[in-house]
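I opened the file to look up the strands, the aromatic rings and the database annotations. My notes follow in the order in which I checked things.

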Amino acid sequence: MTENGEDSPLHQSCEVAGKGDSVVSDSRLLATSSEDAKLCKEHNDALKFTAKKNTEGEIGPHQPRPPSLPRLSKSSKSSSVEETVRNRWLRNSQESLSDPAETGSSTDSLKDNQTAPAPGGLVLSGAATTKNDQDSNVRPRSAVTTGSPVFRDRGSSLSDYERRPPSQQSDPTDHRMRSTKVRLSPVQPTGPLPALEKSFASATLRAANRIDRDCLDYAMLAREKLGERLHRNLSDSRLLETMGSDSASVNSMRSTYSVLSPIRPQDVRNRSFLEGSLLGSGALLGAEELDRYFPDRRVGLYIATWNMQGEKGLPANLDDLLLPTDSEFAQDFYIIGVQEGCPDRREWETRLQETLGPYYVMLYAASHGVLYLTVFVRRDLIWFCSEVEHATVTTRIISQIKTKGAVGVAFTFFGTSFLFITSHFTSGDAKVYERILDYNKIVEALALPKGLPDTNPYRSTPSDVTTRFDQVFWFGDFNFRLSKDRVDVETIMNRTVNGDMGPLLEHDQLSKEMNDGSIFKGFQEAPIHFLPTYKLDIGCDIYDTTSKQRTPSYTDRILFRNRQADDIKVIKYTSCSGIKTSDHRPVIGVFQVKLRPGRDNIPLGAGQFDRGLYLEGIRRRITRELKRREAMKNHSSSTICTIS
């Protein structure tokens with residue numbers, strides 16, 4: 001820049017405006033009015049006067065040169081030139097912001113692919129600019145650097161060109177290299193902004209509640225059902241029926257069938273997944289949350305008990321045990337009790353995880369010798385489970401021998417406490433009294449609950465652990481037999497029609513003792529419509545062919561007890577005839593259990609589960625699927641060779 005400032009960008013711009021010429025370059029038009037020409041002439045006169053004073057020695061050689069652009073004065077009274085320049089650029093900024101194509105704030109730079117028309121036909125764009133465009137881009141720098149305090153604080157965001165001294169900013173190569181973005185000073189809107197409609201839903205909100213593509217079948221299913229309420233195991237779409245219509249996020253979620261509901265800031269303030277809220281209305285385990293996940297307030301339980309006979313070899317496939325084909329839906333909890341389990345307990349648990357797949361996680365596992373008890377829960381329900389406790393009891397005279405006894409697992413789900421016990425009683429056809437002693441010892445010695453609060457202490461009995469919980473399930477190999485000769489039992493079995501096992505159960509030792517009240521006080525059992533589960537030859541459906549010729553019996557049972565009548569509804573009670581690796585057939589039961597809301601005064605489990613087991617089970621599941629596909633591919637591409 002020369003001393004008189006004639007080479008400054010502003011002076012070049014003013015010369016063009018004074019001549020009234022218009023320059024068109026790269027589809028850009030810069031037009032200036034006669035008023036702009038007059039303004040630029042006054043500014044040039046001011047620069048010439050400053051240069052003259054400098055040559056006369058009033059400004060020393062080491063004093064900073066005057067800026068090429070007029071600075072805004074700190075005083076309330078500014079020069080007319082500065083006021084006119086600033087007002088002109090403010091008007092341009094306001095009109096640029098009024099462009100509906102601009103969606104950013106006034107403090108943001110213009111988009112490269114957008115244009116903002118200014119008064120007098122001036123067009124700002126992110127494309128290549130002419131020299132006059134570059135000159136005009138320099139004008140607001142004084143406003144940026146000395147105007148609003150917001151921009152003074154953001155000095156680090158200025159480009160390298162803007163941080164240079166004024167004497168180094170007139171290089172024409174720098175104009176081509178610097179960013180073409182225009183920084184606008186912040187302006188307040190001239191009038192009140194229009195109010196948004198209640199039905200307003202932006203693209204951002206719709207995207208925030210959008211679900212994955214693999215869940216789009218929920219929406220298709222809903223359209224097929226023509227408004228029917230979806231089953232809760234598919235999604236939480238039942239919330240869509242009760243949602244309000246005045247929330248943008250709710251409207252967008254209603255349209256995309258999202259499985260997640262919006263979270264209010266107040267809920268985030270008051271809720272903790274470790275302690276939750278002690279208030280009944282806002283509690284994590286309260287009625288509102290319970291109704292969200294279980295509108296009918298019933299949870300599905302799948303219980304299986306199996307005497308594995310200590311075999312090392314496990315069945316090749318456990319789908320028949322846990323996922324029978326005659327069930328319409330999977331359940332929320334899977335509780336598996338094993339007696340005489342395989343030596344490798346970890347391998348057994350991994351096989352269970354592999355079978356149930358990624359929808360379930362192992363909440364807890366406990367053992368007592370060869371007695372294994374494993375609890376799996378759906379992943380999205382793990383937050384509502386308390387810490388899990390377990391206890392064991394041995395019924396052997398020598399406590400070190402842990403082949404007979406019981407293991408119990410207890411936890412609270414929402415406001416309902418659960419107790420699951422699997423046990424193995426004394427064997428022998430005539431040892432009924434010994435089995436009753438085993439039961440009495442277990443109910444007295446099983447030390448549960450430990451840290452969990454009793455949900456109904458007024459109905460609890462210190463001498464009976466089963467009275468301290470709302471819902472109790474006791475299952476295992478109770479070893480009660482049929483008090484009848486084998487020949488007579490086989491004759492009755494051959495006469496059974498349509499699964500009527502009443503004639504057989506008339507000789508059942510357990511049914512007789514329960515009716516007399518000497519064992520399993522307060523417990524119930526679902527009607528039995530399956531054949532005796534003991535004792536069969538391995539690999540077939542033929543009862544004991546050894547020299548002992550044991551009588552077929554119902555040794556494997558599932559019993560339940562509740563505090564309130566009709567809290568437990570039996571859905572299925574049968575045996576699994578597809579598992580034949582043991583002399584016992586597994587027995588399975590499916591139940592719908594009543595839930596009650598609770599308060600967050602219990603130690604929650606905080607979503608803890610066995611992550612290592614989960615990853616190993618999923619890895620095996622994927623490997624098995626890949627092997628199956630490879631086998632099918634090889635089978636389809638194979639050919640039969642004949643030798644003549």
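**Sheet E9 to E13**

I looked up the strand order and found an open sheet of 5 strands, E9-E10-E11-E12-E13, with mixed pairing. I find E9 (389-394) and E13 (556-562) at the edges; each has a single partner strand, so one side of each lacks a neighbour in the sheet. From one strand to the next the twist averages 15°. I note here that the model is predicted.

I then checked E9 against E10 (residues 405-413), and the two pair in the antiparallel sense over 6 bridges.

**His 368**

I located His 368 in strand E7 (residues 360-368). Is His 368 buried or exposed? Its relative accessible area is 6%, and under 20% counts as buried, so I log His 368 as buried.

I listed its contacts, leaving aside neighbours within four places in sequence: Thr 392, Val 393, Thr 394, Lys 402, Lys 404, Ala 406 and Val 407.

**Annotated spans**

I looked up the UniProt record, an unreviewed entry, which lists residues 359-377 and 406-425 as "transmembrane region". I compared this with the model. For residues 359-377 I get 0% helix and 84% strand, with the end C-alpha atoms 9 Å apart. For residues 406-425 I get 0% helix and 85% strand, with the end C-alpha atoms 8 Å apart.

**Aromatic rings**

I counted aromatic pairs next, and the structure holds 29. Tyr 439 is buried at 1% relative accessible area, and Phe 520 is buried at 2%.

I found Phe 520 in a tilted pair with Phe 478 as well, at 5.0 Å centre to centre and 45° between the planes. Here the partners are 42 residues apart, with Phe 478 in the loop between E12 and H17 (486-495). Phe 478 is buried at 0% relative accessibility.

I also noted one aromatic cluster whose members include Tyr 293, Phe 333, Phe 411, Phe 473, Phe 560 and Phe 591. Which ring has the charged end of Arg 435 over it? I find the ring of Phe 480, with the charged end 5.0 Å from the ring centre.

**Strand E5**

My last entry is on E5 (residues 298-307), where 9 of its 10 residues are buried. I checked its partners. With E15 (residues 587-594), E5 pairs in the antiparallel sense over 8 bridges, and Thr 305 has Val 587 in E15 as its bridge partner. With E6 (residues 333-339), E5 pairs in the parallel sense over 7 bridges. On that side I noted Ile 303 opposite Ile 335 in E6.

Terms used:
Residues numbered from 1 in each chain as written. Predicted model: local features only at pLDDT ≥ 70, side-chain atom pairs only at ≥ 80, totals over all residues. Heavy atoms only, no water. Pairing = 2+ DSSP bridges. Helix = DSSP H or I, 4+ residues; strand = E, 2+ residues; numbered from the N terminus. Axes fitted to C-alpha atoms, helices over the stretch in contact; angles between N-to-C directions. UniProt positions renumbered as here; feature names shortened; annotations may be inferred. Phe/Tyr/Trp six-rings, centres within 6.5 Å; stacked < 30°, edge-to-face > 60°. Buried < 20%, exposed > 50% of the residue type's maximum accessible area, 1.4 Å probe, protein only. Lys NZ or Arg CZ within 6 Å of the ring centre and 35° of its normal. Contact = heavy atoms within 4.5 Å.
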